[in-house]
Amino acid sequence: MKKLILIAIFLFLLILVGNSELFDKTKIKGTYVVFTVDTEYDFPPILNTERGIDEGIPIILSMFDQHNVKATFLTTGELAKNRPEIIKEIHDKGHEVGSHSYHHKSIKAMTKSEIKNEIVLSSNAIENAIGIRPVSFRAPGHSACNDLMTLLQENGYLVEASAEKINSYPYHPDENNWISEGNMSILRVPVSHTPSYFYPPTTYNRPWIDCFNKAISSQSDKNPKIVVIGLHPWEFVKLEADEKYQSYIRACGNYTIENVTSLLDYLDGQDVTYVTLEELYHVLTD
Ligand SMILES: [Zn+2]
């Protein structure tokens, strides 16, 4: 009998853990939400088509308009140079335009002068498109390194936003170890949760509202709470690629659109403030 009761308790707990509604009643206070969009060609370097730019960005912009979201679009310099009208439209709608390097190649595999080149070329291309130089950066494939932090700081950047799961809350990095806290003036703002990034089995099929609330509940000792969400324009379009890439693009299209829509609807009823990366920098450091 004792055994049966234990099994019943165990099953009950399992149902609770598996229930995505579990965190729905979380009281969210003093919460900043940063939507970031890595604005690049489709599924780099596999496809490099422009469907996300032509079809995905209009969907994202209209969703953000509808919910009064001001977001940060981190564009490659290459895209800003080739499609300046798109980058200008994003800027004119009040969103921040940051840099996602020039060529979208691994930063940590580069020499210091190659990294500097990526930073300067992309800053120039963005300035040509919108008239101001970017102050936020995310390395392609989150391939950040110590040299990148130093060079960004020297070139007028305030924020570096690559993922690093060890530190999922903003911090000023150490110049000799960018994943540790230190005294640099640049602010690291890692992605809090990345349900969209390649949809590994642990996150695919988990509602984004649930992902959001898990990020909040992991910051019980933090004030303010900060959730940084990473998106790509090509995730809003049903892409086609070889069989071997199916697991990477299986959520592109309706699945992503539905999840972002329901998260935005959910956040409409919560006490959250949407900020850009640059605004978050000022919230935390001014
Ligand atoms: Zn990218």
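What pLDDT does the protein chain average, and what share of the residues score at least 70? I looked this up before anything else. The protein chain averages a pLDDT of 87, and 84% of the residues score at least 70; pLDDT is the predictor's confidence in each residue, from 0 to 100. This is a predicted model, in which local features need pLDDT of at least 70, side-chain atom pairs count only at pLDDT 80 or more, and totals for chains, interfaces and linings use all residues. Residues are numbered from 1 along each chain as its sequence is written.

**Entry: overall**

I noted 10 helices and 10 strands in the protein chain. Helices (H or I, at least four residues) and strands (E, at least two) are DSSP runs, numbered from the N terminus. The protein chain has 286 residues, of which 40% count as buried. A residue is buried if 20 or more other C-beta atoms lie within 10 Å of its own, exposed if 12 or fewer, and partly exposed in between, with C-beta atoms placed from the backbone.

I then turned to contacts, where two residues qualify if their C-beta atoms, placed from the backbone, lie within 7 Å. Among contacts in the protein chain with a separation of 6 or more, 72% are between residues 24 or more positions apart. I marked residues 10-28, where pLDDT stays under 50. For that stretch the model has 15 contacts beyond four places in sequence.

**Entry: helix α4**

Which residues of α4 are buried? In this helix, residues 84-92, I found Ile86, Ile87 and Ile90 buried. Seen down the axis of α4, the buried residues fall within an arc of 95°, so they line one face of the helix. The arc is that of the directions from the helix axis to the C-beta atoms. On the face turned away from the buried side, α4 carries the exposed residues Glu85 and Asp92. The cover over the buried residues of α4 includes α2 (51-66), β2 (72-75), α3 (77-82), β3 (96-99) and α5 (112-130). Just after α4, Gly94 has a positive phi of about 95°.

**Entry: two helix pairs**

I checked α4 against α5: they pack at an angle of about 70°, with their axes 8 Å apart. Axes are lines fitted to C-alpha atoms, for helices over the stretch in contact, and angles run from 0 to 180 degrees between N-to-C directions. α4 and α5 are therefore roughly perpendicular to each other. Angles under 35 degrees count as roughly parallel, over 145 as roughly antiparallel, 65 to 115 as roughly perpendicular and the rest as oblique. From α4, Pro84, Ile87, Lys88 and His91 meet Ile126, Asn128, Ala129 and Ile130 in α5. The residues of this contact divide into 5 nonpolar, 2 polar and 1 charged. Here Ala, Val, Leu, Ile, Met, Phe, Trp, Tyr, Cys and Pro count as nonpolar, Asp, Glu, Lys and Arg as charged, and the others, Gly among them, as polar.

I did likewise for α7 (residues 208-217) and α9 (residues 254-268), whose axes come within 8 Å and cross at roughly 55°. α7 and α9 are therefore oblique to each other. Trp208, Ile209 and Phe212 of α7 make the contact with Asn259, Val260, Ser262, Leu263 and Tyr266 of α9.

**Entry: helix α6**

In α6 I found Leu148, Met149, Leu151 and Leu152 buried. Elements covering the buried residues of α6 include α5, β4 (136-137), β5 (159-160), β6 (173-174) and β7 (177-181). Glu154 also belongs to α6 (residues 146-154), and counts as exposed, with 11 C-beta neighbours inside 10 Å. Just after α6, Gly156 takes a positive phi of about 85°.

**Entry: the loop between β1 and α2**

Is Ile46 buried, partly exposed or exposed? I placed Ile46 in the loop between β1 (31-39) and α2. Ile46 is partly exposed, with 15 other C-beta atoms within 10 Å. Leaving aside neighbours within four places in sequence, Ile46 is in contact with Ala241 and Tyr245. Ile46 and Tyr245 are 199 residues apart in sequence, yet 8.8 Å apart in space, C-alpha to C-alpha.

Pro45 lies in the loop between β1 and α2, and the peptide bond from Pro44 to Pro45 is cis, with omega near 0°. Asn48 is also in the loop between β1 and α2; I read its phi as near 60°, a positive value in a residue other than glycine.
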